Amino acid sequence: MKLFAPAAILSLAFVAAPVLANAPTEKDAIAMVERGVALVKAKGKDEMMKKINAKDAEYVQGELYIDMRDLKTGIVLAHPYNPSIVGKDLTDVPDANGKKYRREIIDVAAAKGKGWVDYQYKNPTSGKIEPKTTYIQRVDDVVLEAGIYKK
């Protein structure tokens, strides 16, 4: 029985190692948003919302996923892991450190068209509030966002 625990721990290490080695990168976030922008331009924002809400594997990959908000109102249009915020304006609701990051997302999108915003957010794979950096890009009157958690 003493051999079981070390063997179990060792087998978990082998299972977890590829996940840790393949953590999403900034390049992955940019590529995902650019795929989303291309879809919105080709088929419209309603199609993008359907893909996000359906957790389409092209746009939802574990802790890396796209969500979408209206540029003018700040209303969340689609979110794969937190559908309870869809239809809500959370622009001035701060993160755990008091940062109004959603306001910053809208401001960056309106002023520059794209960029990065840092904040604290619940990681869907760990369930914990963690530091996150999100790449955002405006396309027409919406903002697409995909972020990575900083380990």
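**Exercise 1. Find which residues the ring pairs link into a cluster, and describe the stacked pair of Tyr 101 and Tyr 119.**

Solution. Begin with the cluster: ring pairs link Tyr 101, Tyr 119 and Tyr 121, where rings of Phe, Tyr and Trp (its six-membered ring) pair if their centres lie within 6.5 Å, and planes under 30 degrees apart count as stacked, over 60 as edge-to-face and the rest as tilted. The structure, which is a predicted model, holds five aromatic pairs. Next, take the rings of Tyr 101 and Tyr 119: their centres are 3.9 Å apart and their planes stand at 5 degrees, so this pair is stacked. The pair links distant parts of the chain, with Tyr 101 in helix H4 and Tyr 119 in strand E4, 18 residues apart. Helices (H or I, at least four residues) and strands (E, at least two) are DSSP runs, numbered from the N terminus. Finally, Tyr 101 and Tyr 119 are both buried, a word that means under 20% relative accessible area, with exposed over 50% and partly exposed in between (1.4 Å probe, protein chains only).

The model sets its own limits: local features need pLDDT of at least 70, side-chain atom pairs count only at pLDDT 80 or more, and totals for chains, interfaces and linings use all residues. Residues are numbered from 1 along each chain as its sequence is written, and side-chain values use heavy atoms, with hydrogens and water left out.

**Exercise 2. Work out where the buried residues of H4 lie around its axis, and what they pack against.**

Solution. First, the helix itself: H4 covers residues 101-112, and its 12 residues reach 16 Å from first C-alpha to last, close to the 16 Å expected at 1.5 Å a residue, the expected span being 1.5 Å times one less than the number of residues. Second, the buried residues in H4 are Tyr 101, Arg 102, Ile 105, Ile 106, Val 108 and Ala 109. Seen down the axis, the buried residues fall within an arc of 165 degrees, so they line one face of the helix; the arc is that of the directions from the helix axis to the C-beta atoms. Third, these residues pack against strands E2 (64-70), E4 (114-122), E5 (129-139) and E6 (142-149). Just after H4, Gly 113 takes a positive phi of about 90 degrees.

**Exercise 3. Describe how E4 and E5 pair, and what lies in their hairpin.**

Solution. The two strands pair in the antiparallel sense over nine bridges, pairing being counted if DSSP finds at least two bridges between them. Within this pairing, Asp 118 stands opposite Thr 133 in E5. The hairpin has six residues between the strands, and Gly 127 in the hairpin takes a positive phi near 80 degrees.

**Exercise 4. Identify which residues of the largest nonpolar core touch the most other members, and which element gives the largest share.**

Solution. A nonpolar core is a set of buried Ala, Val, Leu, Ile, Met, Phe, Trp, Tyr and Cys residues joined through side-chain atoms within 4.5 Å. The largest has 21 residues, of which Met 48, Ile 66, Met 68, Leu 144 and Ala 146 touch the most other members. Helices H2 (26-43) and H3 (45-53), with strands E2, E3 (76-78), E5 and E6, each supply at least two residues, and the largest share, six residues, comes from H2. A second, separate core of 17 residues includes Ile 85, Ile 105, Ile 106 and Tyr 121.

Notes
Contact means heavy atoms within 4.5 Å.
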